[in-house]
Amino acid sequence: MDIYAEVQSPDPAELINSPFGGRYCGPIPPRRRISLYRAIALSFYTAKNQTTPDVFDGRYQFINESAEYEVGQPVVGSPCSYVVNFAHKRTGFLVSPTYPGAYPKDMSCTYQFIGKPGQRVRIEFRDFDLFFGGPHCPLDFVRVHDGSDNTSAVIGTYCGQQRNLVLYSSESNLFVQFSTLQRTANTQNRGFKGIFEFSESFVKLDFIRENDGVHIRGSECDQKILSKKESTGFVYSPNYPFPYVPKVVCRYFIYGMQDAQNLERVKLEFSIFDIPKGEHKPKSDSNCTDGYLKIYLKGQETMDAYDKYDHELCGTDKPHPVVSDGPRLVMVFSSGELQGRGFKGKYSFETEYKVPGTAAPDGTCSFTYRSTSKKKGEFNSPRYPSNYPSDTNCSFVFLATPNEQVTIIFDHFKVKADNANTTGGAYGTSVCFEDWLEMYVLYRDGTDRFLGRYCGYTAPGPVESPRGAVGIRVVLHTDQENVASGFKARYIFEVAKSVFGDCGGNFTGVDSGIITSPGYPLNYEGPGKGLASKACNWYVTARSGYKIFLNFELFGVEGDPASRGCAAAALRLWLLPDSDLPPIEMCGEKALNEHWQYLTQGQSARISFTSADKAIGAQGFRIVWTEVQEGTGPPSSLSLLCESTYHYQCLVSGYCISDRLRCDGTKNCGPEDNSDEMHCTVEMPKEDHGVLIISAAAVVSFLTCLLCILCQRKRKRRHHRQLHRNAHYDSTTSATGLNSSRRNLQSSLSGSVHGISSGSLRIPPAPAPPTSLPPPPPHVCISGGIIDDMNDPNDELDDDEDDDENMMDNDECQIHLKDDMNVMDADLTNDPFMSLNANNIMSNTNSNSVNHYMNISSTINPNANTSVNDYYQNVMQLQNGESV
């Protein structure tokens, strides 16, 4: 079946001139067709000789064209163009030709709406079905212009299927264009149908035009506010300052700058707010059941997620200020049925640096980090990891408490240095003159000290604020050309260290010295667990009129000034510590054929070595420093004599150094001058035998003592065995032992008297018992081993444990028997019953008499409970040869 829906003449011969509407077969019937003019033609073809009535069937109807399809006054020469004037029709239908049948191809229709001043035109498409040729609608489309003809601003171009498409004119005129292309493709889209309305009650746009907003074409009261770089302005509810119109929805799109050079955020503060809440509905989660103002801070409108708002406001309480998370802030105002005064708010665009920290209240790129707020954190260049903006100056200030210090560690660094010579590292004011980063140490008196300028890939080394400083300031400067990714760093507030840091020292009043890295010659290590950095500070001071000459004999610190900087560890050298000159910052490795030597500008130098928590360790360094006379050395002539005869002038470098440094094993004249170590007489050091002699004496003494102990024990055992064989003390033989002891004593005494030339031995008769207690008789200390053997005749060996216990009993003895007989002499003369000449006793006494006396004395030693009379009676019996 062939269909012709655009037949202008009912003559069948004219079908050849009519546009072909399509050919159909199979079981699927064509869509509804409506003629463009007064006729429609169907052509049926079959190859069969006979057909049945059920091949196809349909219905036809004649309809009133003027009532259905004449939108307005027809335009001459066009079958589907109309002019709609408010004077003739204030509201009506807007339909495409042949709707709801398939619209024709290769056709152009226009609809011109003309209202009076103060009116606005509203069009609502309730059905919209056009062939979709792409997102820009290059084939069939409906284009709406905000004006009287197709030269006016375009509100939008639409195709495909649209829902809830409602458009408003900004003023009193609106122009709609419907266009289809000629093609062979068989399409059966319906077209469109909607309603139009002219009205003075639509929202007036004066509240937008009188401010910095721009009305979004096609909307009733939506507006867009664009930043003019950190600009400010006001937003109002519709019809402000009068009550707003009921049942109105207006959207506010407030957009800050966002491009390669700028990034802003939006801050909104309300000064007037009055939107009635309405009655609370039980099943409603919102308190704003009538009118409301919803605020979106995260750009939800880009995903059409208007149900995910951040704030819903209503009532009469003034809301708190809000700040967008990015460059976009959107408000949706719905007036509801109740009227209120509305709202007035101030918006301000602030540059968004995306830098953590406390921003300056004036919106500049200034950030402050206080120890009292946060002990550690991160900071970065604006918009990191994106490129930082050009023509910007940012400052980052870190303030510690009096007993703390701050450490700065850089983890990423890339600052533009297009025209700089960075072969040896992008460091210093002479190299970094485009974009750069500087660091300063801040002091409590308001002064600061310059630490260094960095650019390119040369990351600054870890830095600690010295003791006595209040903090550190970091400054980023960018020019107007080109940008880079910037930097990312960390800050840590810790308890302040000593002036020397974790190691280091002070050198004053010495001629020379050596400074090495921690742990040298082993690799240095990073800080301990939980610590941010490890620092060593050395202070070297020379005498007045002298300078410090430093020679780096060895240097190996992780890092590379040209490629990545000294982010993990760095050594800083101040040649004039008390000035504002920055230190020399060093890392990397010194080649063996390189010479690193420095001469201070004054009489002092300061060396600081700092390693960060990410340091893995390296060889370290060895620095020889020497006090040299001021004015000597290159380029001075060697003819200049040293001022003192105690100085030595180096032959090559010309430095005057202390004569004591000659032949000390260290090159003090410089790396290429070995004159101070030449022509040295090598003296063999004298061997010190003191330690050897003392050690030998100690060994001999120990062996002697050991031998004496062994001999003494052996002698005691031998003596004990002798006593065991000769002395058997029991209850039947005790008297015999006493008689024997008495006879031995008498024999010893008689032998002694026989040899006396002067003096006599007299045994007095027994005196009467005394009435008072005489002094205690003499006691003889007897070895505990002897007593032990006497008490235990069956024990043939010495019992060491018994010896130890019996030694305690010997402390009670008043007379100690020794090899010297003077003790025996003194004791015998004190006995009231014996009178001996001491000299004769000394000359005639032999060992037997001494042993006998020991036996007697030990036998008659009175017990504490024995009476005095018994004691004297025993003595008398012994003198008479009787047994006791």
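## Disulfides and buried cysteines

Cys650 and Cys669 are both buried. In this predicted model, the two residues are joined by a disulfide with an S to S distance of 2.0 Å. The torsion about that S-S bond is about -80°, so the link between Cys650 and Cys669 is left-handed. Distant parts of the chain are connected in this way: Cys650 belongs to the loop between strand S43 (647–649) and strand S44 (656–658), while Cys669 belongs to the loop between S44 and H3, 19 residues apart.

The count of disulfides comes to 11. Among them is the bond from Cys365 to Cys394, with an S to S distance of 1.8 Å. The torsion here is about 100°, so the disulfide of Cys365 and Cys394 is right-handed. Cys365 is placed in the loop between S23 and strand S24 (366–370) and Cys394 in strand S26, so the bond ties together parts that are 29 residues apart in sequence. Cys365 is buried, its relative accessible area being 2%, and Cys394 is likewise buried, at 2%.

Another disulfide joins Cys566 to Cys587, with the sulfur atoms 2.0 Å apart. A torsion of -70° about the S-S bond makes the link of Cys566 and Cys587 left-handed. Cys566 is in the loop between strand S36 (546–557) and strand S37 (569–574), and Cys587 is in the loop between strand S38 (584–586) and strand S39 (588–589); the pair thus links distant parts of the chain, 21 residues apart. Cys566 is buried with a relative accessible area of 4%, and Cys587 counts as buried at 5%.

## Cysteines without a bond

Cys705 takes part in no disulfide, and the nearest cysteine sulfur, that of Cys708, is 6.4 Å away. Cys705 counts as partly exposed, with 48% relative accessibility.

For Cys711, the closest cysteine sulfur is also in Cys708. The separation of 6.6 Å is too far for a bond, since a disulfide requires sulfur atoms within 2.5 Å. At 44% relative accessibility, Cys711 counts as partly exposed.

Val397 has Arg473 in S31 as its bridge partner.

The antiparallel pairing of strand S6 (residues 107–114) with strand S11 (residues 173–180) extends over 8 bridges. Thr180 in S11 is the bridge partner of Met107.

## A nonpolar surface patch

Val699, Phe702, Leu703, Leu706 and Leu710 form a nonpolar patch on the surface, and together they present about 490 Å² of accessible area. One of these residues, Val699, is found in helix H3 (residues 690–726). Val699 is partly exposed, with a relative accessible area of 47%.

Note on methods. Residues are numbered from 1 along each chain as its sequence is written. This is a predicted model: local features need pLDDT of at least 70, side-chain atom pairs count only at pLDDT 80 or more; totals for chains, interfaces and linings use all residues. Side-chain values use heavy atoms; hydrogens and water are left out. Patches are made of residues with over 30% relative accessible area and no salt bridge: like charges are joined within 9 Å, nonpolar side chains (Val, Leu, Ile, Met, Phe, Trp, Tyr) within 5 Å. Accessible areas come from the Shrake-Rupley method with a 1.4 Å probe; for residues, only the protein chains shown count as cover. A salt bridge is a side-chain nitrogen of Lys or Arg within 4 Å of a carboxyl oxygen of Asp or Glu. Helices (H or I, at least four residues) and strands (E, at least two) are DSSP runs, numbered from the N terminus. Buried means under 20% relative accessible area, exposed over 50%, partly exposed in between (1.4 Å probe, protein chains only). Two strands pair if DSSP finds at least two bridges between them.
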